[in-house]
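Welcome! Take each task first, then follow the solution step by step.

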Amino acid sequence: RTKKAKTTPMSRRKKGDRIHGWVVVDKPQGVTSTQVVAKIRHVFNAQKAGHAGTLDPMATGVLAIALGEATKTVPYAMDAEKTYRFTAQWGEARDSDDAEGAVTATCDKRPTRAEIEAAMPQFIGLVSQTPPVYSAIKVDGARAYDLARDGETVELDARNVLIHSVSLVEIPDPDHAVFEMHCGKGTYVRAWVRDMGQALGCLGHVSALRRTQVGSFKVEDATPLETLQGFMHSPAAFEHLRPLSTALDGIPALAITGPDALRLRSGNPILIRPNMFAQITEGHSGDDYQGLTVFCTTGENEPVALTEFAAGELRPFRVFNFGNG
């Protein structure tokens, strides 16, 4: 009697391929950021995927998606400055602060260009902003938008956000105004328009929103989701895969030797030698290097680890693993 070989959990492999890098998608309207991540993961048959900053279903534009080991660099992309082009619609407040929500109040007043330009300075710089109740912020472990959809009263704390600049691009008609904003992390365009509408005494919500840049990821370099889906499991898709280091612009990079790479990959620190110190400090303003993040690569530019400069050493805190396991 022949015996069947037993399959053990150890023999099972993770589903998908070990694909590493960034894909810059031009997100279409009407899909969630999570849905786009799932579609891109499927296109590349990737084991692991994540995104750098949610875009609302109504919004379009830059959605940077990390595959494989690039997911370890997501926090750097999340912290990057962002640029948006958006349309404010005056005369209506909505519960979601955008066109998808229910109307909660109306107003007949419409602001003039002079009134808009006079109100703008108070909403530029360090601004206290209460996020929209329909947002991904967690309240007692649940997403605010889930609580709001369930009819619960959601109260979110105001937070300080940094808005570098806002320009009034055009006023196509009395009901609408188009703006462009350059801002730091955590800024809600919907909250900005809501607050502007209240300050102008006319109410307002966002009727169109497009993200044109996230750090080094720009909309002119983004590929439409539809185009990428046409490359399903095809080598052509890989022409749109960017290096893991794309999200690390501005972080000092250091090429290290094979033995040093081995030490870092094992989770051990390496000593900073004089030639390394010169490389690290070149282009770094200031003379306090303690806690400085340094991106270590091999001589062939293969990512090794993100390290922290401390007491004459580089200590790894994110190690990149490109093995096949």
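**Exercise 1. In this predicted model, find which residues have the most contacts inside the largest nonpolar core, and which elements build that core.**

Step 1. The largest nonpolar core holds 28 residues, and F86, W90, I116, F179, W192 and M196 are those with the most contacts inside it.

Step 2. Two or more residues of this core come from each of β4, α3, β10, β11, α5 and β12. Helix α5 is the biggest contributor, giving five residues.

Step 3. Pick out I116 and look at its surroundings. Leaving aside residues up to four places away in sequence, I116 touches W90, P111, L168, I171, A177, F179, M196 and L200.

Step 4. There is also a second, separate core of 20 residues, with A77, V219, I251 and F295 among them.

**Exercise 2. Work out how the rings of F86 and F179 are arranged.**

Step 1. Begin with the whole structure, where a search finds eight aromatic pairs.

Step 2. For F86 and F179, the ring centres are 5.6 Å apart and the planes meet at 25 degrees. Planes under 30 degrees apart count as stacked, so this pair is stacked.

Step 3. Now place the two residues along the chain. F86 belongs to strand β4 (residues 82-90) and F179 to strand β11 (residues 176-183), so the pair links distant parts of the chain, 93 residues apart.

Step 4. Both F86 and F179 are buried. Ring pairs also join F86, F123, F179 and W192 into a cluster.

**Exercise 3. Decide whether helix α5 is largely enclosed or largely open to the outside.**

Step 1. Helix α5 covers residues 189-200, which makes 12 residues, and it reaches 16 Å from its first C-alpha to its last, close to the 16 Å expected.

Step 2. Of the 12 residues in α5, 10 are buried, so the helix is largely enclosed by the rest of the structure. Among the buried ones are W192, M196 and L200.

Step 3. What do they pack against? The buried residues of α5 pack against β4, α3, β7, β10, β11 and β12.

Step 4. Just after the helix, G201 takes a positive phi of about 70 degrees. L203, in the loop between α5 and β12, has a positive phi of about 65 degrees although it is not a glycine. As a rule, most residues other than glycine have a negative phi.

**Exercise 4. Describe the burial of strand β17 and find its partner strands.**

Step 1. Five of the five residues of β17 (residues 293-297) are buried, so the strand is largely enclosed by the rest of the structure.

Step 2. T293, F295 and T297 point one way from β17, while V294 and C296 point the other way.

Step 3. Strand β15 (residues 253-255) runs parallel to β17, joined by three bridges; here A253 has F295 as its bridge partner.

Step 4. Strand β18 (residues 303-310) pairs with β17 in the antiparallel sense over five bridges, and there F295 has L306 as its partner.

Step 5. β17 and β18 form a hairpin with five residues between them, and N301 in the turn has a positive phi of about 70 degrees.

Methods. Residues are numbered from 1 along each chain as its sequence is written. This is a predicted model: local features need pLDDT of at least 70, side-chain atom pairs count only at pLDDT 80 or more; totals for chains, interfaces and linings use all residues. Side-chain values use heavy atoms; hydrogens and water are left out. Buried means under 20% relative accessible area, exposed over 50%, partly exposed in between (1.4 Å probe, protein chains only). Helices (H or I, at least four residues) and strands (E, at least two) are DSSP runs, numbered from the N terminus. Two strands pair if DSSP finds at least two bridges between them. Rings of Phe, Tyr and Trp (its six-membered ring) pair if their centres lie within 6.5 Å; planes under 30 degrees apart count as stacked, over 60 as edge-to-face and the rest as tilted. The expected span of a helix is 1.5 Å times one less than its number of residues. Contact means heavy atoms within 4.5 Å. A nonpolar core is a set of buried Ala, Val, Leu, Ile, Met, Phe, Trp, Tyr and Cys residues joined through side-chain atoms within 4.5 Å.
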